[in-house]
Amino acid sequence: MNFERWSTRWLNDIDDPDHQRLLRTYLLWRLHRDLSARAQSGPLSYNSVAGCRNRANADLRWLSWLADHERSVSTVTQADLDAWLTTASNPRGADDFIRWAARHRRSSLPWFDRVSSRKRMPAG
């Protein structure tokens with residue numbers, strides 16, 4: 001199944017409308033865009049598409065973790081991010097989404113340039 005069909009079904013299965021809306025925007029403007037750019041140079045590999053699916057699933061786990069801790073992307077703190085990084089399985093899968101949300105002012109975390117945060121997540 002191609003990523004577009006998968007993401008449509010995947011998004012429809014998300015119960016929280018705020019999570020669904022935020023992830024839909026991220027998938028459209030980040031993951032779909034990345035895959036489309038890669039497809040310009042030839043067929044997409046299974047690993048390219050699977051990597052985007054894994055990232056999307058990690059992003060949903062991050063949002064669910066925040067909700068379970070009575071937080072949201074707009075109220076997240078550095079302490080929350082630190083707790084996520086130390087307790088979640090594969091927390092780095094969501095690092096691009098976390099940076100994207102900060103960069104596009106959907107998150108209360110400050111935005112740091114990818115070069116300056118290569119080995120760490122945004123810090124407050």
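Predicted model: local features only at pLDDT ≥ 70, side-chain atom pairs only at ≥ 80, totals over all residues.

I started with asparagine 90, which sits in the loop between α4 and α5 (95-103); helices here are DSSP runs (H or I, at least four residues), numbered from the N terminus. Its phi is near 55°, a positive value in a residue other than glycine. Asparagine 90 comes out partly exposed, with a relative accessible area of 49% (buried is under 20%, exposed over 50%, partly exposed in between, with a 1.4 Å probe and protein chains only).

Residues are numbered from 1 along each chain as its sequence is written, and side-chain values use heavy atoms, with hydrogens and water left out.

Next I checked glutamate 70, in the loop between α3 and α4. Its phi is also positive, near 55°, and glutamate 70 is not a glycine. Glutamate 70 is exposed, at 75% relative accessible area.

Then I took the helices on either side of that loop. The axes of α3 (residues 46-68) and α4 (residues 78-87) come within 11 Å and cross at roughly 125°. Axes are lines fitted to C-alpha atoms, for helices over the stretch in contact, and angles run from 0 to 180 degrees between N-to-C directions. I therefore put α3 and α4 down as oblique (under 35 degrees is roughly parallel, over 145 roughly antiparallel, 65 to 115 roughly perpendicular, the rest oblique). Who touches whom? Ala58, Arg61, Trp62 and Trp65 of α3 meet Asp80, Leu81, Ala83, Trp84 and Thr87 of α4, contact being heavy atoms within 4.5 Å.

The other pair I looked up was α1 (residues 3-12) and α2 (residues 17-39), whose axes come within 11 Å and cross at roughly 170°. That makes α1 and α2 roughly antiparallel. On the α1 side I listed Phe3, Glu4, Ser7, Trp10, Leu11 and Asn12; they meet Gln20, Leu23, Arg24, Leu27, Leu31, His32 and Leu35 in α2.

Last, asparagine 57 in α3. Which residues does asparagine 57 contact, leaving aside neighbours within four places in sequence? I found Trp6 and Trp10. Asparagine 57 is partly exposed, at 28% relative accessible area.

Notes
Helix = DSSP H or I, 4+ residues; strand = E, 2+ residues; numbered from the N terminus.
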